[in-house]
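Reader: Please show me the structure, and then let me ask some questions about it.

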Amino acid sequence: MPRVLIMFAVIFLTLTLQSTALSYIEIINVKPNLPLLLIVSYAHLRGDMGGAAFGFVSGLLQDLLFGRVIGLYAMLGMIAGYICGKPFKDFYKENYLIPIFLTGAACVSYEFLFYVTYFLFQGKVRIISYFGRIILPETMYTLVVTIPVYRFIYNINRRIENHERFTRKLF
Amino acid sequence: MDVLRKRLGKIIIIMIVLCVITIIVTREYRFRPNLLDNAVGYAATPLSGAASSVIRWVGGVFDHFGDINDIRAENTKLRERVEELTTENKRLKLVEEESEKLTSLLKIDEKYPEYPKTGARLVARDTSNWFSSFIIDKGENDGFTENLVVLAPGGLAGRILKAGDTYSEVLSIIDSASSVSVQSARAGDLGVLRGDLELMKDGLCRMDYIDVNARVMEGDELITSRLSDIFPAGITVGYVKEIRMDARALVKYAIVRPAVDIQSIDAVMVISEPYSSFDPASKDALTEE
């Protein structure tokens, strides 16, 4: 239960930051995708089920607050969490290279899917230009902030896991 | 939990299908914010508002330290002065800064005195890089509804996309979902101002469907036309930056720099009555000007 509450608070904090502070540190008018970064980090630490649930909840909140339609961010977040949580048994969690690689791949495919589901059918087809102007800079910028955010989630997760181990011994 | 884990793949697929359905439904039928939206809005709006003001304050502090040399020089002078005077001075400076911002907004109010207006502050911006919309701190409780027109220092900023109880989401004119019927103030040529995904990142938008024979030129002021049901006529929208010929050469289009700097607004004026509710006589009077 503390895990749910803490992660909920983290999501809320991230969305608040994403919608307020991050527009002040935009580079070429693009800001990093913190919610996605959070989903990828969490999925990497907790596996596919935790990742999918976390992605779905944070996506749904984003939908309700800022979405033009309901369900788009939720769907993409869930897919991202599920896929990034798949190889979770195969990697050490202390290694920073895996989350960086995962984030890069996830960010490009997330934004590409976002474009396909939302914009492609509106007749906006200049995909190469959008890739260069939006997707690529966003991915680069997200990669820059990957390590601190991953460390942050890693520490929170370790504390919760310690706490959970402790409570299980009690009961 | 184990059962859940075993069937996770299937659950994911079912959830994806559900999401696709809600996407299609909410896309077709522009939804009113419901209970869930409003609950989230209630929680998030004050939080974002607080965060925004903290960030503004921090920005102010950094600006302060940026001028540290000036401040030192000023400080030696000020030391000789009476303490009360300096505090008074600082207080007045803050007030002046605030009033400068609000005066620019008031100018807009004075420019269009015909319309009843309400001020609002910006609390959050869209989270993704694909849209250009923002959230303001007033909603249905203050009488805001969908499609109300939003002005900012300079001219037209956008319109309200959805109004919750305590917040409203504003669609800016450079968002790719926005379209505004405009005309050139000098030549009277009509066109449709639309946001564009590529131009949005430069803070620009485009004016489409201009007649090939139209006399609109670079630097022309664009105002809202009288054809729209949402936007009152005669509000400054932007200035033509460049005119281009369409590849098929049947129409022209123009690159437009909006009169409002969308990326850096922090207070707006909302015309608090829908244009369609103005009575016909006053509407005629407005369009004749």
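Some questions and answers follow.

Author: This is a predicted model, in which local features need pLDDT of at least 70, side-chain atom pairs count only at pLDDT 80 or more, and totals for chains, interfaces and linings use all residues. Residues are numbered from 1 along each chain as its sequence is written, while chains are lettered from A and ligands numbered from 1 in the order in which they are written.

Reader: Is A:Glu26 buried, exposed or partly exposed, and why?

Author: A:Glu26 sits in the loop between helix H1 (2–19) and helix H2 (34–66) of chain A; helices (H or I, at least four residues) and strands (E, at least two) are DSSP runs, numbered from the N terminus. A residue is buried if 20 or more other C-beta atoms, placed from the backbone, lie within 10 Å of its own, exposed if 12 or fewer, and partly exposed in between. Because A:Glu26 has 16 C-beta neighbours inside 10 Å, it counts as partly exposed.

Reader: How are H3(A) and H4(A) oriented to each other, roughly parallel or roughly antiparallel?

Author: Helix H3 (residues 72–85) and helix H4 (residues 97–119) of chain A pack at about 150°, with axes 11 Å apart. Axes are lines fitted to C-alpha atoms, for helices over the stretch in contact, and angles run from 0 to 180 degrees between N-to-C directions. Angles under 35 degrees count as roughly parallel, over 145 as roughly antiparallel, 65 to 115 as roughly perpendicular and the rest as oblique. H3(A) and H4(A) are therefore roughly antiparallel.

Reader: Which helix supplies the largest share of the side of chain B that touches chain A?

Author: Between the chains, 32 residues of chain B are in contact (C-beta atoms, placed from the backbone, within 7 Å) with 38 residues of chain A. Helix H1 (2–6), helix H2 (8–28), helix H3 (35–66), strand S1 (117–125) and helix H6 (197–200) of chain B each supply at least two residues of that side of chain B. The largest share, 10 residues, comes from H2(B).

Reader: In S10(B), which residue is the bridge partner of B:Glu221?

Author: Chain B has a closed barrel of 6 strands, S6-S7-S8-S11-S10-S9, with antiparallel pairing (two strands pair if DSSP finds at least two bridges between them). Within chain B, 3 bridges join strand S9 (residues 221–224) to strand S10 (residues 236–245), and these strands run antiparallel. In S10(B), the partner of B:Glu221 is B:Tyr239.

Methods
Contact = placed C-beta atoms within 7 Å.
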